[in-house]
Amino acid sequence: MAKIRILLAEDDANFGTIFQGYLINKGYPTTLCQNGEEALNTFKSQEFDLCLLDVMMPVMDGFTLAKEIKKINKSIPIIFLTAKNQQESILEGFKAGADDYITKPFSMDELLMRIHAVYSRYELANTQPTTFQIGSFSFDSPRHTLLKDGKTIKLTSKESDLLLLLCENLGNTLERSKALKTIWDEDTYFNARSMDVYITKLRKYFAEDPSVQLLNVHGVGFKLVVNETAGN
């Protein structure tokens with residue numbers, strides 16, 4: 001595994017310095033910040049592979065910091081460090097974008113195992129394909145484009161995110177609730193209506209190729225299918 005560059009946000013100066021030294025000694029380049037605002041500015045100016053965020057910090061708390069970080073890089077792994085162990089705090093942490101959660105005091109060895117586990121999942125997710133052939137269309141997820149017969153359709157970020165989920169589930173049903181929670185964070189009526197609009201737009205794009213169908217699975221979700229014989 002390549003060296004993992006870590007952003008450590010911890011307001012306890014003594015613990016933070018010891019923690020940073022331990023991680024550096026273990027081969028993890030680690031930058032220490034002592035409040036959330038400093039950590040956010042540092043994240044904007046440097047490259048990191050994983051964030052370790054204390055929940056209770058001055059200026060900006062860890063949950064708020066995590067949400068701001070996810071706006072910049074929605075896939076970066078985040079592990080929360082906290083002295084709290086209430087269920088409410090754990091749930092709030094995951095809603096803010098946490099990949100894992102560890103309660104103080106903790107074993108450094110356990111934390112290293114969690115870092116490895118979280119980052120391994122991140123690496124696996126990022127080795128998944130990002131370009132897809134959909135009938136006569138070529139979909140480039142990072143570039144948000146659909147290409148057909150030399151014509152490029154520029155997708156919005158929501159259209160691209162939704163189409164990526166459909167491609168990852170090609171031939172299988174993509175549940176509405178999963179799409180809503182993945183892309184919109186919440187399964188609400190208004191988000192569902194918004195998703196329906198994007199589904200309609202994707203159908204219009206694919207109307208040029210009868211082999212591609214975006215089907216409603218009543219009461220469950222959507223299914224993207226390609227009939228290879230439809231155009232023959």
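This is a predicted model: local features need pLDDT of at least 70, side-chain atom pairs count only at pLDDT 80 or more; totals for chains, interfaces and linings use all residues.
Gln20 belongs to helix H1 (residues 13–25), while Thr30 is part of strand E2 (residues 30–33).

- The side chain of Thr30 has a polar contact of its own: one of its polar atoms lies 2.8 Å from the backbone oxygen of Tyr28.
- Thr30 counts as buried because its relative accessibility is 7%, below the 20% cut-off.
- Setting aside residues up to four places away in sequence, Thr30 touches Ile6, Leu8, Gln20, Leu23 and Ile24.
- Gln20, with neighbours within four places in sequence left out, is in contact with Leu8, Thr30, Thr31 and Leu32.
- Ile6 is 14 residues from Gln20 along the chain, and the C-alpha atoms of the two are separated by 9.3 Å.

**The chain as a whole**

- You will find eight helices and twelve strands in the chain.
- The C-alpha trace spans about 70 × 35 × 30 Å along its principal axes.
- Of the 232 residues, 43% count as buried.
- Among contacts with a separation of 6 or more, 53% are between residues 24 or more positions apart.
- The chain exposes about 12600 Å², with carbon and sulfur atoms supplying 50% of that area.

**The nonpolar cores**

- In soluble globular proteins, nonpolar side chains tend to be buried together.
- Here the largest nonpolar core has 29 residues, and Ile134, Leu162 and Leu163 have the most contacts inside it.
- At least two residues of this core come from each of strand E6 (131–134), E7, helix H6 (157–168), H7, H8, strand E11 (212–217) and strand E12 (221–226).
- H8 gives the most to this core, with seven residues.
- Another core, of 22 residues, lies apart from it and includes Leu7, Ala9, Ala39 and Tyr101.

**Leu163 and Phe139**

- Beyond its neighbours within four places in sequence, Leu163 is in contact with Ile134, Phe139, Leu146, Leu155, Leu202, Phe206 and Leu224.
- Phe139 is in strand E7, and it counts as buried because its relative accessibility is 1%.
- With residues up to four places away in sequence not counted, Phe139 touches a list of residues including Thr130, Phe132, Ile134, Leu146, Leu155, Leu163, Leu164 and Cys167.
- Leu164 is 25 residues from Phe139 in sequence, and their C-alpha atoms are 8.6 Å apart in space.

**A buried aspartate**

- Asp54 is in strand E3 (residues 50–54).
- A relative accessible area of 4% is why Asp54 counts as buried.
- The side chains of Asp54 and Lys104 are joined by a polar contact of 3.2 Å.
- Not counting residues up to four places away in sequence, Asp54 touches Ala9, Glu10, Asp11, Gly62, Leu81, Thr82 and Lys104.

**Backbone features worth a look**

- Most residues other than glycine have a negative phi, and most peptide bonds are trans.
- The peptide bond from Lys104 to Pro105 is cis, with omega near -5°.
- Pro105 is in the loop between strand E5 (100–103) and helix H5 (108–125).
- His144 is not a glycine, yet its phi is positive, near 60°.
- His144 is in the loop between strand E7 (137–140) and strand E8 (145–148), and it counts as partly exposed because its relative accessibility is 22%.
- Asp185, also not a glycine, has a positive phi of about 75°.
- The loop between helix H7 (176–184) and helix H8 (189–206) holds Asp185, which counts as exposed because its relative accessible area is 62%, over the 50% cut-off.

Methods:
Residues are numbered from 1 along each chain as its sequence is written. Side-chain values use heavy atoms; hydrogens and water are left out. Helices (H or I, at least four residues) and strands (E, at least two) are DSSP runs, numbered from the N terminus. Buried means under 20% relative accessible area, exposed over 50%, partly exposed in between (1.4 Å probe, protein chains only). A polar contact is a pair of N or O atoms within 3.5 Å; within protein, one must be able to donate a hydrogen and the other to accept it, and residues adjacent in sequence count only if both atoms are side-chain atoms. Contact means heavy atoms within 4.5 Å. Accessible areas come from the Shrake-Rupley method with a 1.4 Å probe; for residues, only the protein chains shown count as cover. A nonpolar core is a set of buried Ala, Val, Leu, Ile, Met, Phe, Trp, Tyr and Cys residues joined through side-chain atoms within 4.5 Å.
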